[in-house]
Amino acid sequence: MSDGENNSMKNVVFEEAASPPSPPSPPSSEADSSATSPLSTPAAISTSPYLHKVTTRRREFLHESQTNNNLLESNALKISSHKSKVFVFLWDLYSAFRLFGVLLISMETFVGCALTIGATLLAYYMSPKVAVSEGQWDGTLPTILLSFATVTPLIQSISMAFNRREAALRGLASYRSAMYHIYMAQASWDWGECGKKGGRRSCVENTDDLKSVQEVEEVKEGGDGSEEDTTTLPPKPIDWLNHADNLLCQLIHLSDSLSHYLALPTASRTHHRATKLGEREAKTLVFTGRKIFALNAAGRIFMISQLTEALKYRGLPGNEASRIRQWEQYLSVSMENMRLIKEYRTPQSLRLFGRVFTLLLPPLYATSFAQIAIDTESIVFGCIIGAVTSLALTSLFEAVRQLEDPFARGFTFDGIDVTEELQVLAYEELMVARSMVFPDAEEFVLKEDTKAKKAVGLDRKSRHYCEDCARIIKAS
(Lines give C-alpha, C1' and ligand atoms only; values in the text may rest on other atoms or scores of the structure.)
Protein backbone atom coordinates (compact mmCIF):
# COMPACT_ATOMS: atom_id res chain seq x y z
CA MET A 1 0.00 0.00 0.00
CA SER A 2 1.34 3.39 -0.92
CA ASP A 3 2.09 6.26 1.47
CA GLY A 4 -0.89 8.16 0.08
CA GLU A 5 -3.21 5.32 1.00
CA ASN A 6 -1.67 5.01 4.43
CA ASN A 7 -2.20 8.72 5.05
CA SER A 8 -5.81 8.48 3.96
CA MET A 9 -6.51 5.60 6.34
CA LYS A 10 -6.96 7.14 9.78
CA ASN A 11 -7.33 5.07 12.90
CA VAL A 12 -10.87 4.87 14.21
CA VAL A 13 -12.16 2.76 17.05
CA PHE A 14 -15.08 0.58 16.02
CA GLU A 15 -17.79 -0.22 18.50
CA GLU A 16 -20.93 -2.24 18.11
CA ALA A 17 -23.27 0.60 18.98
CA ALA A 18 -26.42 -0.09 20.90
CA SER A 19 -28.22 2.74 19.14
CA PRO A 20 -28.31 3.92 15.51
CA PRO A 21 -25.64 6.47 14.53
CA SER A 22 -26.39 10.12 13.82
CA PRO A 23 -24.94 11.02 10.42
CA PRO A 24 -25.63 14.32 8.68
CA SER A 25 -29.10 14.88 7.27
CA PRO A 26 -29.76 14.13 3.57
CA PRO A 27 -29.14 16.97 1.09
CA SER A 28 -31.90 19.52 0.85
CA SER A 29 -31.51 20.12 -2.88
CA GLU A 30 -29.82 18.65 -5.91
CA ALA A 31 -27.89 21.89 -6.48
CA ASP A 32 -26.02 21.41 -3.25
CA SER A 33 -25.11 17.81 -4.02
CA SER A 34 -21.39 18.56 -4.22
CA ALA A 35 -21.21 19.47 -0.56
CA THR A 36 -23.39 16.60 0.66
CA SER A 37 -22.71 13.87 -1.90
CA PRO A 38 -22.94 10.23 -0.83
CA LEU A 39 -19.14 10.18 -0.79
CA SER A 40 -18.83 12.93 1.80
CA THR A 41 -19.93 10.78 4.75
CA PRO A 42 -19.61 7.02 5.44
CA ALA A 43 -23.25 6.97 6.58
CA ALA A 44 -24.43 7.74 3.07
CA ILE A 45 -21.88 5.69 1.13
CA SER A 46 -23.53 3.95 -1.79
CA THR A 47 -22.29 0.77 -3.38
CA SER A 48 -23.62 1.73 -6.80
CA PRO A 49 -21.13 0.93 -9.62
CA TYR A 50 -22.21 4.13 -11.40
CA LEU A 51 -20.69 6.50 -8.82
CA HIS A 52 -17.59 7.28 -10.84
CA LYS A 53 -15.52 8.77 -8.03
CA VAL A 54 -15.82 5.61 -5.95
CA THR A 55 -15.27 3.37 -8.97
CA THR A 56 -12.19 5.34 -9.94
CA ARG A 57 -10.67 4.90 -6.48
CA ARG A 58 -11.43 1.18 -6.62
CA ARG A 59 -9.70 0.89 -9.99
CA GLU A 60 -6.73 2.84 -8.69
CA PHE A 61 -6.49 0.54 -5.66
CA LEU A 62 -6.60 -2.57 -7.88
CA HIS A 63 -4.10 -1.13 -10.35
CA GLU A 64 -1.61 -0.21 -7.63
CA SER A 65 -2.00 -3.59 -5.94
CA GLN A 66 -1.51 -5.39 -9.26
CA THR A 67 1.62 -3.34 -9.96
CA ASN A 68 3.07 -4.31 -6.59
CA ASN A 69 2.13 -7.95 -7.19
CA ASN A 70 3.95 -7.91 -10.54
CA LEU A 71 7.09 -6.72 -8.78
CA LEU A 72 6.73 -9.44 -6.16
CA GLU A 73 6.17 -12.07 -8.85
CA SER A 74 9.32 -11.02 -10.69
CA ASN A 75 11.32 -11.16 -7.46
CA ALA A 76 9.85 -14.59 -6.59
CA LEU A 77 10.74 -16.04 -9.99
CA LYS A 78 14.25 -14.60 -9.75
CA ILE A 79 14.95 -15.93 -6.27
CA SER A 80 13.58 -19.41 -7.04
CA SER A 81 15.52 -19.95 -10.27
CA HIS A 82 18.48 -22.20 -9.49
CA LYS A 83 20.72 -23.06 -12.40
CA SER A 84 22.73 -25.74 -10.62
CA LYS A 85 20.80 -29.02 -10.37
CA VAL A 86 23.51 -30.48 -8.13
CA PHE A 87 22.96 -27.67 -5.63
CA VAL A 88 19.18 -28.25 -5.64
CA PHE A 89 19.72 -32.00 -5.14
CA LEU A 90 22.06 -31.51 -2.19
CA TRP A 91 19.78 -28.82 -0.74
CA ASP A 92 16.73 -31.09 -0.90
CA LEU A 93 18.68 -34.05 0.49
CA TYR A 94 19.91 -32.03 3.46
CA SER A 95 16.41 -30.66 4.10
CA ALA A 96 14.91 -34.15 3.93
CA PHE A 97 17.32 -35.55 6.54
CA ARG A 98 16.85 -32.53 8.77
CA LEU A 99 13.04 -32.66 8.71
CA PHE A 100 13.11 -36.44 9.13
CA GLY A 101 15.13 -36.05 12.30
CA VAL A 102 13.01 -33.21 13.66
CA LEU A 103 9.51 -34.42 12.80
CA LEU A 104 9.58 -38.22 12.52
CA ILE A 105 12.03 -39.25 15.24
CA SER A 106 10.04 -39.86 18.43
CA MET A 107 10.44 -41.64 21.75
CA GLU A 108 9.12 -44.82 20.14
CA THR A 109 12.06 -44.65 17.73
CA PHE A 110 14.67 -44.79 20.50
CA VAL A 111 12.82 -47.49 22.45
CA GLY A 112 12.27 -49.64 19.35
CA CYS A 113 15.87 -49.35 18.18
CA ALA A 114 17.22 -50.15 21.66
CA LEU A 115 15.00 -53.25 21.97
CA THR A 116 15.92 -54.45 18.48
CA ILE A 117 19.66 -53.98 18.94
CA GLY A 118 19.56 -55.65 22.36
CA ALA A 119 17.60 -58.64 21.03
CA THR A 120 19.93 -58.94 18.02
CA LEU A 121 23.01 -59.03 20.26
CA LEU A 122 21.34 -61.61 22.48
CA ALA A 123 20.43 -63.83 19.51
CA TYR A 124 23.92 -63.51 18.03
CA TYR A 125 25.83 -64.50 21.14
CA MET A 126 23.32 -67.15 22.25
CA SER A 127 23.19 -68.92 18.89
CA PRO A 128 24.65 -72.49 18.86
CA LYS A 129 28.17 -72.05 17.51
CA VAL A 130 28.61 -75.66 16.40
CA ALA A 131 25.34 -75.71 14.41
CA VAL A 132 26.16 -72.38 12.90
CA SER A 133 29.66 -73.48 11.83
CA GLU A 134 28.24 -76.67 10.23
CA GLY A 135 25.48 -74.72 8.47
CA GLN A 136 22.69 -76.53 10.35
CA TRP A 137 21.21 -73.42 11.98
CA ASP A 138 19.38 -70.66 10.10
CA GLY A 139 17.71 -67.88 12.07
CA THR A 140 15.98 -66.23 9.11
CA LEU A 141 12.25 -65.71 9.69
CA PRO A 142 9.57 -65.13 7.02
CA THR A 143 8.76 -61.44 6.46
CA ILE A 144 5.04 -62.01 5.88
CA LEU A 145 4.30 -61.40 9.55
CA LEU A 146 6.24 -58.12 9.53
CA SER A 147 4.34 -56.78 6.53
CA PHE A 148 0.93 -58.03 7.69
CA ALA A 149 1.15 -56.94 11.31
CA THR A 150 2.75 -53.51 10.87
CA VAL A 151 3.15 -52.19 7.33
CA THR A 152 -0.39 -52.90 6.10
CA PRO A 153 -2.22 -51.36 9.10
CA LEU A 154 0.05 -48.30 9.02
CA ILE A 155 -0.49 -47.74 5.30
CA GLN A 156 -4.27 -48.07 5.73
CA SER A 157 -4.18 -45.61 8.63
CA ILE A 158 -2.18 -43.10 6.57
CA SER A 159 -4.67 -43.42 3.70
CA MET A 160 -7.68 -42.81 5.96
CA ALA A 161 -6.00 -39.95 7.80
CA PHE A 162 -5.01 -38.27 4.53
CA ASN A 163 -8.59 -38.53 3.24
CA ARG A 164 -9.80 -36.86 6.44
CA ARG A 165 -7.24 -34.10 5.94
CA GLU A 166 -8.52 -33.49 2.41
CA ALA A 167 -12.11 -33.36 3.72
CA ALA A 168 -11.01 -30.83 6.34
CA LEU A 169 -9.39 -28.68 3.63
CA ARG A 170 -12.59 -28.75 1.59
CA GLY A 171 -14.59 -27.76 4.66
CA LEU A 172 -12.21 -24.89 5.40
CA ALA A 173 -12.40 -23.67 1.79
CA SER A 174 -16.21 -23.78 1.88
CA TYR A 175 -16.25 -21.88 5.17
CA ARG A 176 -13.98 -19.08 3.96
CA SER A 177 -15.82 -18.75 0.66
CA ALA A 178 -19.21 -18.53 2.37
CA MET A 179 -17.88 -16.00 4.87
CA TYR A 180 -16.52 -13.76 2.10
CA HIS A 181 -19.75 -13.90 0.08
CA ILE A 182 -21.89 -13.14 3.14
CA TYR A 183 -19.87 -10.00 3.77
CA MET A 184 -19.99 -8.86 0.13
CA ALA A 185 -23.75 -9.42 -0.01
CA GLN A 186 -24.46 -7.60 3.24
CA ALA A 187 -22.09 -4.73 2.45
CA SER A 188 -22.70 -4.10 -1.26
CA TRP A 189 -25.91 -5.68 -2.59
CA ASP A 190 -28.46 -3.05 -3.59
CA TRP A 191 -32.13 -3.49 -4.40
CA GLY A 192 -33.06 -0.18 -6.03
CA GLU A 193 -33.97 0.34 -9.67
CA CYS A 194 -32.49 3.00 -11.91
CA GLY A 195 -34.42 6.27 -11.74
CA LYS A 196 -36.46 5.27 -8.71
CA LYS A 197 -36.10 6.10 -5.03
CA GLY A 198 -35.28 2.56 -3.94
CA GLY A 199 -32.35 0.71 -2.51
CA ARG A 200 -29.80 1.58 0.08
CA ARG A 201 -29.53 5.28 -0.75
CA SER A 202 -33.17 5.97 0.10
CA CYS A 203 -33.23 4.00 3.37
CA VAL A 204 -33.77 5.95 6.60
CA GLU A 205 -34.08 4.78 10.18
CA ASN A 206 -37.57 3.88 11.34
CA THR A 207 -39.06 6.65 13.52
CA ASP A 208 -40.43 4.23 16.11
CA ASP A 209 -37.02 2.58 16.38
CA LEU A 210 -35.33 5.93 16.91
CA LYS A 211 -37.87 6.91 19.57
CA SER A 212 -37.30 3.61 21.43
CA VAL A 213 -33.53 4.02 21.31
CA GLN A 214 -33.72 7.65 22.44
CA GLU A 215 -35.91 6.72 25.40
CA VAL A 216 -33.46 4.01 26.44
CA GLU A 217 -30.54 6.42 26.18
CA GLU A 218 -32.34 9.05 28.26
CA VAL A 219 -33.09 6.50 30.99
CA LYS A 220 -29.41 5.49 31.02
CA GLU A 221 -28.44 9.14 31.45
CA GLY A 222 -30.75 9.54 34.44
CA GLY A 223 -33.95 10.79 32.83
CA ASP A 224 -37.36 9.17 32.70
CA GLY A 225 -37.49 8.94 28.92
CA SER A 226 -40.37 11.42 28.55
CA GLU A 227 -38.74 14.84 28.84
CA GLU A 228 -38.56 15.64 25.11
CA ASP A 229 -41.05 15.34 22.32
CA THR A 230 -39.87 12.52 20.05
CA THR A 231 -42.82 12.54 17.67
CA THR A 232 -41.11 14.73 15.09
CA LEU A 233 -37.63 13.28 14.87
CA PRO A 234 -35.83 14.14 11.62
CA PRO A 235 -35.17 11.27 9.19
CA LYS A 236 -31.74 9.70 9.54
CA PRO A 237 -30.10 7.76 6.71
CA ILE A 238 -28.94 4.23 7.42
CA ASP A 239 -25.24 3.97 8.29
CA TRP A 240 -24.34 1.13 5.94
CA LEU A 241 -20.70 1.27 6.96
CA ASN A 242 -21.73 0.65 10.55
CA HIS A 243 -23.94 -2.25 9.40
CA ALA A 244 -21.09 -3.80 7.42
CA ASP A 245 -18.62 -3.31 10.28
CA ASN A 246 -21.02 -4.99 12.70
CA LEU A 247 -21.07 -7.99 10.38
CA LEU A 248 -17.30 -7.81 9.96
CA CYS A 249 -16.87 -7.88 13.73
CA GLN A 250 -19.00 -11.03 14.04
CA LEU A 251 -17.23 -12.81 11.17
CA ILE A 252 -13.76 -12.06 12.56
CA HIS A 253 -14.71 -13.16 16.08
CA LEU A 254 -16.27 -16.29 14.57
CA SER A 255 -13.09 -17.18 12.67
CA ASP A 256 -10.83 -16.43 15.64
CA SER A 257 -12.88 -18.64 17.97
CA LEU A 258 -13.10 -21.43 15.39
CA SER A 259 -9.32 -21.28 15.06
CA HIS A 260 -8.90 -21.58 18.83
CA TYR A 261 -11.26 -24.57 18.91
CA LEU A 262 -9.60 -26.45 16.04
CA ALA A 263 -6.10 -25.80 17.45
CA LEU A 264 -6.90 -27.39 20.82
CA PRO A 265 -4.88 -30.54 21.60
CA THR A 266 -6.48 -33.81 20.63
CA ALA A 267 -8.56 -35.65 23.22
CA SER A 268 -8.68 -39.11 21.62
CA ARG A 269 -5.22 -40.54 22.21
CA THR A 270 -4.73 -43.91 23.84
CA HIS A 271 -4.01 -42.58 27.34
CA HIS A 272 -7.22 -40.54 27.22
CA ARG A 273 -9.20 -43.82 27.12
CA ALA A 274 -7.08 -46.10 29.26
CA THR A 275 -6.15 -44.06 32.37
CA LYS A 276 -7.97 -41.91 34.91
CA LEU A 277 -5.55 -39.02 34.45
CA GLY A 278 -5.98 -39.17 30.70
CA GLU A 279 -9.75 -39.34 31.04
CA ARG A 280 -9.72 -36.20 33.19
CA GLU A 281 -7.57 -34.41 30.61
CA ALA A 282 -9.89 -35.51 27.79
CA LYS A 283 -12.95 -34.23 29.65
CA THR A 284 -11.31 -30.84 30.14
CA LEU A 285 -10.34 -30.56 26.48
CA VAL A 286 -13.70 -31.73 25.12
CA PHE A 287 -15.73 -29.57 27.52
CA THR A 288 -13.67 -26.47 26.68
CA GLY A 289 -13.82 -27.12 22.95
CA ARG A 290 -17.55 -27.67 22.89
CA LYS A 291 -18.18 -24.50 24.86
CA ILE A 292 -16.13 -22.53 22.34
CA PHE A 293 -17.86 -24.21 19.41
CA ALA A 294 -21.38 -23.82 20.78
CA LEU A 295 -20.84 -20.09 21.25
CA ASN A 296 -20.00 -19.79 17.57
CA ALA A 297 -22.42 -22.31 16.09
CA ALA A 298 -25.34 -20.76 17.96
CA GLY A 299 -24.38 -17.27 19.10
CA ARG A 300 -22.29 -15.84 16.26
CA ILE A 301 -24.35 -17.44 13.51
CA PHE A 302 -27.50 -16.00 15.11
CA MET A 303 -26.00 -12.49 15.16
CA ILE A 304 -25.09 -12.82 11.48
CA SER A 305 -28.61 -14.03 10.76
CA GLN A 306 -30.06 -11.02 12.56
CA LEU A 307 -28.07 -8.68 10.33
CA THR A 308 -29.69 -10.38 7.33
CA GLU A 309 -33.05 -9.75 8.96
CA ALA A 310 -32.07 -6.08 9.29
CA LEU A 311 -31.50 -5.94 5.53
CA LYS A 312 -34.90 -7.53 4.90
CA TYR A 313 -36.46 -5.04 7.30
CA ARG A 314 -34.98 -2.23 5.24
CA GLY A 315 -36.12 -3.54 1.87
CA LEU A 316 -33.89 -6.41 0.71
CA PRO A 317 -36.02 -8.72 -1.51
CA GLY A 318 -36.76 -12.18 -0.18
CA ASN A 319 -35.08 -14.02 -3.05
CA GLU A 320 -31.77 -12.25 -2.39
CA ALA A 321 -32.13 -12.80 1.35
CA SER A 322 -32.62 -16.52 0.73
CA ARG A 323 -29.31 -16.63 -1.12
CA ILE A 324 -27.58 -15.07 1.89
CA ARG A 325 -29.35 -17.64 4.07
CA GLN A 326 -27.89 -20.37 1.88
CA TRP A 327 -24.38 -19.04 2.45
CA GLU A 328 -25.09 -18.93 6.19
CA GLN A 329 -26.05 -22.60 5.94
CA TYR A 330 -22.81 -23.37 4.11
CA LEU A 331 -20.96 -21.58 6.90
CA SER A 332 -22.67 -23.67 9.57
CA VAL A 333 -22.34 -26.98 7.70
CA SER A 334 -18.63 -26.41 7.13
CA MET A 335 -18.13 -25.70 10.82
CA GLU A 336 -19.98 -28.88 11.79
CA ASN A 337 -17.95 -30.96 9.34
CA MET A 338 -14.69 -29.62 10.75
CA ARG A 339 -15.93 -30.31 14.29
CA LEU A 340 -16.68 -33.95 13.44
CA ILE A 341 -13.25 -34.36 11.85
CA LYS A 342 -11.69 -32.80 14.96
CA GLU A 343 -13.46 -35.02 17.49
CA TYR A 344 -13.75 -38.36 15.65
CA ARG A 345 -10.66 -40.14 14.35
CA THR A 346 -9.58 -43.19 12.39
CA PRO A 347 -10.19 -46.58 14.10
CA GLN A 348 -8.52 -46.60 17.50
CA SER A 349 -8.08 -50.39 17.40
CA LEU A 350 -6.08 -50.15 14.17
CA ARG A 351 -3.79 -47.53 15.67
CA LEU A 352 -3.32 -49.64 18.83
CA PHE A 353 -2.43 -52.62 16.68
CA GLY A 354 0.13 -50.57 14.75
CA ARG A 355 1.68 -49.02 17.86
CA VAL A 356 2.18 -52.32 19.71
CA PHE A 357 3.58 -54.32 16.80
CA THR A 358 5.75 -51.43 15.59
CA LEU A 359 7.61 -51.64 18.89
CA LEU A 360 7.57 -55.39 19.54
CA LEU A 361 7.81 -57.05 16.13
CA PRO A 362 11.36 -55.91 15.10
CA PRO A 363 12.88 -57.39 18.30
CA LEU A 364 11.10 -60.68 17.50
CA TYR A 365 13.00 -60.73 14.21
CA ALA A 366 16.30 -60.56 16.10
CA THR A 367 17.31 -64.03 14.88
CA SER A 368 17.04 -62.81 11.28
CA PHE A 369 19.31 -59.86 12.03
CA ALA A 370 21.67 -62.19 13.90
CA GLN A 371 21.77 -64.47 10.85
CA ILE A 372 22.74 -61.49 8.70
CA ALA A 373 25.56 -60.75 11.17
CA ILE A 374 26.72 -64.37 10.99
CA ASP A 375 26.62 -64.44 7.17
CA THR A 376 28.51 -61.15 6.83
CA GLU A 377 30.74 -61.86 9.84
CA SER A 378 29.84 -58.42 11.21
CA ILE A 379 27.65 -57.98 14.27
CA VAL A 380 27.66 -54.23 13.67
CA PHE A 381 26.04 -54.66 10.25
CA GLY A 382 23.37 -56.95 11.72
CA CYS A 383 22.55 -54.41 14.42
CA ILE A 384 22.39 -51.62 11.83
CA ILE A 385 19.88 -53.59 9.72
CA GLY A 386 17.73 -54.21 12.81
CA ALA A 387 17.89 -50.57 13.92
CA VAL A 388 16.99 -49.31 10.43
CA THR A 389 13.99 -51.67 10.32
CA SER A 390 12.74 -50.41 13.66
CA LEU A 391 13.45 -46.80 12.63
CA ALA A 392 11.39 -47.17 9.45
CA LEU A 393 8.39 -48.66 11.24
CA THR A 394 8.34 -46.22 14.14
CA SER A 395 8.78 -43.25 11.80
CA LEU A 396 5.89 -44.53 9.70
CA PHE A 397 3.75 -44.73 12.83
CA GLU A 398 4.77 -41.18 13.80
CA ALA A 399 3.60 -39.99 10.38
CA VAL A 400 0.24 -41.66 11.09
CA ARG A 401 0.02 -39.98 14.50
CA GLN A 402 0.71 -36.53 13.06
CA LEU A 403 -1.95 -36.96 10.37
CA GLU A 404 -4.56 -38.06 12.91
CA ASP A 405 -5.40 -34.48 13.85
CA PRO A 406 -5.33 -32.47 10.60
CA PHE A 407 -5.67 -29.17 12.46
CA ALA A 408 -2.66 -27.60 14.11
CA ARG A 409 -1.50 -24.32 15.62
CA GLY A 410 1.60 -23.15 13.81
CA PHE A 411 3.84 -25.21 11.53
CA THR A 412 3.54 -28.99 11.25
CA PHE A 413 4.60 -31.47 8.59
CA ASP A 414 1.20 -32.03 6.92
CA GLY A 415 -1.27 -30.35 9.28
CA ILE A 416 -3.57 -27.46 8.41
CA ASP A 417 -2.33 -24.24 9.97
CA VAL A 418 -5.69 -22.95 11.21
CA THR A 419 -4.11 -19.87 12.78
CA GLU A 420 -2.75 -18.82 9.40
CA GLU A 421 -5.94 -19.70 7.52
CA LEU A 422 -8.55 -18.27 9.89
CA GLN A 423 -6.83 -15.51 11.84
CA VAL A 424 -4.49 -14.14 9.17
CA LEU A 425 -5.62 -14.91 5.61
CA ALA A 426 -9.36 -14.70 6.26
CA TYR A 427 -8.86 -11.38 8.06
CA GLU A 428 -6.78 -9.99 5.18
CA GLU A 429 -9.40 -10.99 2.61
CA LEU A 430 -12.16 -9.29 4.59
CA MET A 431 -10.08 -6.14 4.96
CA VAL A 432 -9.47 -6.04 1.19
CA ALA A 433 -13.20 -6.50 0.58
CA ARG A 434 -13.99 -3.66 3.00
CA SER A 435 -11.49 -1.40 1.22
CA MET A 436 -13.16 -2.18 -2.10
CA VAL A 437 -16.73 -1.62 -0.90
CA PHE A 438 -15.95 1.44 1.25
CA PRO A 439 -12.82 3.07 -0.22
CA ASP A 440 -13.40 6.26 1.82
CA ALA A 441 -13.84 4.49 5.15
CA GLU A 442 -11.30 4.84 7.92
CA GLU A 443 -9.26 1.93 9.21
CA PHE A 444 -11.15 -0.84 10.95
CA VAL A 445 -10.13 -1.69 14.52
CA LEU A 446 -11.65 -4.80 16.03
CA LYS A 447 -13.14 -4.56 19.52
CA GLU A 448 -14.04 -7.13 22.15
CA ASP A 449 -17.67 -8.01 22.89
CA THR A 450 -17.51 -6.40 26.34
CA LYS A 451 -18.72 -3.19 27.92
CA ALA A 452 -15.14 -1.97 28.10
CA LYS A 453 -14.81 -2.39 24.31
CA LYS A 454 -11.07 -2.99 24.41
CA ALA A 455 -9.25 -3.48 21.15
CA VAL A 456 -8.40 -7.08 20.29
CA GLY A 457 -4.62 -7.25 20.06
CA LEU A 458 -4.15 -10.50 18.15
CA ASP A 459 -0.95 -10.87 16.19
CA ARG A 460 -2.19 -11.24 12.63
CA LYS A 461 1.22 -11.22 10.97
CA SER A 462 1.60 -14.20 8.67
CA ARG A 463 4.34 -16.71 9.38
CA HIS A 464 5.15 -16.29 5.67
CA TYR A 465 5.70 -12.56 6.08
CA CYS A 466 8.68 -11.52 3.97
CA GLU A 467 10.60 -8.40 4.95
CA ASP A 468 12.36 -8.28 1.58
CA CYS A 469 8.99 -8.24 -0.21
CA ALA A 470 7.73 -5.51 2.13
CA ARG A 471 10.78 -3.39 1.26
CA ILE A 472 10.10 -3.91 -2.47
CA ILE A 473 6.51 -2.68 -2.05
CA LYS A 474 7.61 0.28 0.04
CA ALA A 475 10.26 1.27 -2.49
CA SER A 476 7.73 1.17 -5.31
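How many residues has α11, and what distance does the helix reach from its first C-alpha to its last? In this predicted model, α11 has 26 residues and reaches 37 Å between those two atoms, close to the 38 Å expected at 1.5 Å a residue; the expected span is 1.5 Å times one less than the number of residues. Residues are numbered from 1 along each chain as its sequence is written. Because the model is predicted, local features need pLDDT of at least 70 and side-chain atom pairs count only at pLDDT 80 or more, while totals for chains, interfaces and linings use all residues; side-chain values use heavy atoms, with hydrogens and water left out.

The protein contains 16 helices and two strands, where helices (H or I, at least four residues) and strands (E, at least two) are DSSP runs numbered from the N terminus. Of the 476 residues in the protein, 38% are buried; buried denotes under 20% relative accessible area, exposed over 50%, and partly exposed the range in between (1.4 Å probe, protein chains only). The protein exposes about 27,200 Å², with carbon and sulfur atoms supplying 60% of this area; accessible areas come from the Shrake-Rupley method with a 1.4 Å probe, and for residues only the protein chains shown count as cover. Among contacts in the protein with a separation of 6 or more, 80% are accounted for by residues 24 or more positions apart, contact being defined as heavy atoms within 4.5 Å.

Two packed helices are described by the angle between their axes and the distance between the axes. The axes of α10 (residues 276-313) and α11 (residues 318-343) come within 10 Å and cross at roughly 175°. Such axes are lines fitted to C-alpha atoms, for helices over the stretch in contact, with angles running from 0 to 180 degrees between N-to-C directions. The two helices, α10 and α11, are therefore roughly antiparallel to each other; angles over 145 degrees count as roughly antiparallel, those under 35 as roughly parallel, 65 to 115 as roughly perpendicular and the rest as oblique. Contributors to the contact from α10 include Arg290, Phe293, Ile301 and Lys312, and those from α11 include Ala321, Ile324, Leu331 and Glu343. The residues of this contact divide into nine nonpolar, three polar and eight charged; Ala, Val, Leu, Ile, Met, Phe, Trp, Tyr, Cys and Pro count as nonpolar, Asp, Glu, Lys and Arg as charged, and the others, Gly among them, as polar.

Buried residues of α11 include Trp327, Glu328, Leu331, Met335, Met338 and Ile341. The buried residues of α11 pack against α6 (144-188), α8 (240-262), α10 and β1 (407-408).

Cysteine 113 counts as buried at 16% relative accessibility, and threonine 120 is buried with a relative accessible area of 0%. Leaving aside neighbours within four places in sequence, cysteine 113 is in contact with Ala387, Ser390 and Leu391. With the same exclusion, threonine 120 is in contact with Ala366, Phe369, Ala370, Gly382 and Cys383. The C-alpha atoms of cysteine 113 and proline 362 lie 8.5 Å apart, although the two residues are 249 apart in sequence.

Leucine 422 is found in α15, and glutamine 423 is placed in α15 (residues 418-437). Leucine 422 is buried, with a relative accessible area of 1%, and glutamine 423 is buried at 5%. Leucine 422 and aspartate 256, 166 residues apart in sequence, are 6.5 Å apart from C-alpha to C-alpha. Aspartate 256 is also one of the contacts of leucine 422 beyond its neighbours within four places, a list including Leu172, Tyr175, Leu258 and Leu262. Glutamine 423 and arginine 460 are 37 residues apart in sequence and 6.4 Å apart in space, C-alpha to C-alpha.

Glutamate 377 lies in the loop between α13 (366-376) and α14 (379-404). The phi of glutamate 377 is positive, at about 55°, although the residue is not a glycine. At 73% relative accessibility, glutamate 377 counts as exposed. Alanine 399 is found in α14 and is partly exposed, with a relative accessible area of 24%. Alanine 399 and leucine 103 are 296 residues apart in sequence, yet 8.5 Å apart in space, C-alpha to C-alpha.
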